[in-house]
Amino acid sequence: MSRRRIGFWYRLAAVIAKPPLIVLFKRDWRGIENIPAEGGFLTAVNHNSYLDPLVYAHFQYNTGRVPRFLAKASLFTPFLIGPFMRGTGQIPVFRATADAAAAYRAAVEAVNKGECVAFYPEGTLTRDPELWPMVSKTGVARVALLTKAPVIPVAQWGANELLPPYAKKLNLLPRKTHRVLAGPPVDLSAFYGKEPTAEVLREVTEAIMEAVKDLLAELRGETAPAGLYDPRTRARVTLSGGAPVAVASTEAAVPAVPAPPAEPAGKVAADGGADDAVSGEVAGETREGA
């Protein structure tokens with residue numbers, strides 16, 4: 001299987017985006033050795049800032065394996081943004097239309113061709129009041145089970161300190177550090193060959209997001225809470241025999257979640273797929289060089 005060439009448009013995007021990112025962030029990037037050098041794979045990344053797609057793309061660009069994000073179809077038409085989205089091979093998602101399944105098929109095709117597809121499985125900024133990963137959509141699980149490609153869990157932290165969730169102003173000082181930790185592939189072999197029922201897809205998705213959460217705990221130097229936050233119940237839940245079970249209610253500590261403002265035009269995030277299940281956004285040492 002081939003690997004996607006970086007190409008003109010990705011290099012041009014890097015020329016434009018990397019200088020301000022280098023100014024804004026110090027970097028602590030670890031686990032680069034877990035990014036496959038060849039062959040198709042998926043990354044599953046937590047999402048806590050509108051800046052995540054830019055800073056995460058910077059990290060993965062420097063590994064030599066550029067990601068293909070799933071992005072809202074409306075981002076492919078603007079005069080300035082559209083050529084970059086198309087030229088860098090991002091995957092359009094047509095929400096709530098007959099074409100929604102095209103993104104799902106394109107993601108599978110890309111992985112089978114030896115490329116990387118990056119997912120933000122949460123589909124939007126986390127609503128967890130402590131910014132841990134929350135219950136996610138099952139698109140990444142579907143693609144993983146169909147392709148049997150490695151799923152690399154990735155945690156990132158720091159963009160949220162520059163631009164917190166739903167904030168409108170940058171918190172520039174002091175200079176922030178963008179931290180990334182990529183882990184080894186999640187072992188999903190126990191699920192291969194099983195019928196992709198809703199229960200199986202939930203279990204696969206939870207296994208992936210628990211791996212992401214554990215990496216985030218290491219980055220933050222904290223103990224991760226049990227379960228994943230469910231914004232519908234304002235509780236952290238886990239699967240026990242396939243049924244959601246509340247394990248750590250946080251309702252008393254969680255204020256009412258405000259309706260999110262309109263997403264910035266450049267935000268790379270989408271929920272899509274035939275059943276709205278495909279979602280995404282497109283060495284173990286500190287890396288400070290460009």
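Colleague: Before we look at any feature, what is pLDDT?

Modeller: pLDDT is the predictor's confidence in each residue, on a scale from 0 to 100. We need that idea here, as this is a predicted model. The chain averages a pLDDT of 83, and 78% of its residues score at least 70.

Colleague: Over which residues does pLDDT stay under 50?

Modeller: One such stretch is residues 248-260, where the model has 20 contacts beyond four places in sequence. Another is residues 262-289, with 106 contacts of that kind.

Colleague: Thanks! How many helices and strands does the chain have?

Modeller: You will find 7 helices and 12 strands in it. As for burial, 52% of the 290 residues count as buried. The accessible surface of the chain is about 12,700 Å², and carbon and sulfur atoms account for 59% of that area.

Colleague: Now the aromatic rings. How do I decide whether two of them pair?

Modeller: Start with the distance between ring centres, which must lie within 6.5 Å. Then look at the angle between the planes: under 30 degrees is stacked, over 60 is edge-to-face, and the rest are tilted. By this rule the count here is 6 aromatic pairs. Take Tyr-56 and Phe-59: their ring centres are 5.8 Å apart and their planes stand at 40°, so this pair is tilted.

Colleague: Where do Tyr-56 and Phe-59 lie?

Modeller: Both belong to helix 2, which covers residues 52-61, and they are 3 residues apart, about one turn of the helix. Tyr-56 and Phe-59 are also both buried.

Colleague: And what kind of pair do Tyr-56 and Phe-69 make?

Modeller: Try the rule again: the centres are 6.4 Å apart and the planes are at 80°, so Tyr-56 and Phe-69 form an edge-to-face pair. Tyr-56 is in helix 2 while Phe-69 is in strand 3 (residues 67-72), so this pair ties together parts that are 13 residues apart in sequence. Tyr-56 and Phe-69 are both buried.

Colleague: Which residues do ring pairs link into a cluster?

Modeller: The cluster is made of Trp-29, Tyr-56, Phe-59, Phe-69 and Tyr-120.

Conventions. Residues are numbered from 1 along each chain as its sequence is written. This is a predicted model: local features need pLDDT of at least 70, side-chain atom pairs count only at pLDDT 80 or more; totals for chains, interfaces and linings use all residues. Side-chain values use heavy atoms; hydrogens and water are left out. Helices (H or I, at least four residues) and strands (E, at least two) are DSSP runs, numbered from the N terminus. Buried means under 20% relative accessible area, exposed over 50%, partly exposed in between (1.4 Å probe, protein chains only). Accessible areas come from the Shrake-Rupley method with a 1.4 Å probe; for residues, only the protein chains shown count as cover. Contact means heavy atoms within 4.5 Å.
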